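Have the model open as you read.

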Amino acid sequence: MENPLSEQAATSAEDAMLVDQAKGGSRDALERLIERHQSWIFNVVLRMLYVRQDAEDTTQEILVKVITKLSTFEGRSSFRTWLYRLVINHVLNVRRRRWEEDGLSFQKYGDSINVVLDEAPDPAATPADLRLLEDEARIGCTSGMLLCLDREQRLVYVLGAIFGVTDGVGAELLETTPANFRQKLSRARRDLRAFMQNQCGLINTANPCRCVKKMRGFAKAGYLDPTNLVFARERVVHVRDVAAKRRDALDALDEAYAEIHRDHPFQDGPDFLGALRVLINGSDFQSTLEPK
């Protein structure tokens, strides 16, 4: 699976070819273009919004924008740059979620997950495999930590620490300088590190918090539903499997913290293309692609 956010993908010849064909009226080329990028867009959005349904709806909105605005792409930058700037602008300006309105902070988050530690539940009385339940608790909890960062910090961390975007590519996408991108990433890492060092047993074994001991408490609090797992899967591709680490990683300690989030699943997401075919196959498809 090619990572469109890697430095090497900056001038993708196949993207450029598909864009030209799509603008010429090729539905097949447009579908292939969407297929190349939809999972990556979805995974960025999912880590920004946490709730899968919100991420699906927002990804759909973004892909509709891609189709209807493709005629405005003039090739002054790579298609990748044009596309992911559109993604970034959308997720930074999407309607504020309830937890944002409530002013979620690391302090509030720490208090909310401070449930009673328990022993691992009895496998015979648990409807899902214990390992999957532990994964669900771990992935859900560490995903929630990202929500304590403000939107720009979260986005920079998702791009730079989780998906391995270099400072050069990150600066290009956020329309800033590499030094400014590195600075923003450093601040996001620092804030997450400070919280995890004092809270998370995955990072600091002196902390009593253990995912396996919080499963029952999370279930009682409504954070985890053993009958409907949101994050964990039996067979999974991890982010680290498809997104290389940044070559300019700051240090080994920062990478160790980021690896917890890179161990999260790279989600397939729904078939956005199936829903978008209604638009693509519409009678006014050609006029949609004509320059305005």
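Helix α4 (residues 79-93) packs against helix α9 (residues 167-174) at an angle of about 65 degrees, and their axes are 8 Å apart. The axes here are lines fitted to C-alpha atoms over the stretch in contact, with angles running from 0 to 180 degrees between N-to-C directions. On the α4 side, R80, T81, Y84, R85 and I88 meet V169, E172, L173 and L174 of α9; contact means heavy atoms within 4.5 Å.

A word on the source: this is a predicted model, where local features need pLDDT of at least 70 and side-chain atom pairs count only at pLDDT 80 or more, while totals for chains, interfaces and linings use all residues. Residues are numbered from 1 along each chain, and side-chain values use heavy atoms, leaving out hydrogens and water.

Now for two more helices (DSSP runs of H or I, at least four residues, numbered from the N terminus) and their buried residues (under 20% relative accessible area, 1.4 Å probe, protein chains only).

| Helix | Buried residues |
|---|---|
| α10 | F181, K184, L185, A188, R189, L192, F195, M196, Q199 |
| α11 (residues 211-221) | C211, K214, M215, G217, F218 |

Those in α10 cover an arc of only 135 degrees around the axis, which puts them on the same side of α10. That arc is taken from the directions from the helix axis to the C-beta atoms. In α11, the buried residues pack against α7 (130-146) and α10. Just after α11 comes G222, with a positive phi of about 90 degrees.

Technical notes: Buried means under 20% relative accessible area, exposed over 50%, partly exposed in between (1.4 Å probe, protein chains only).
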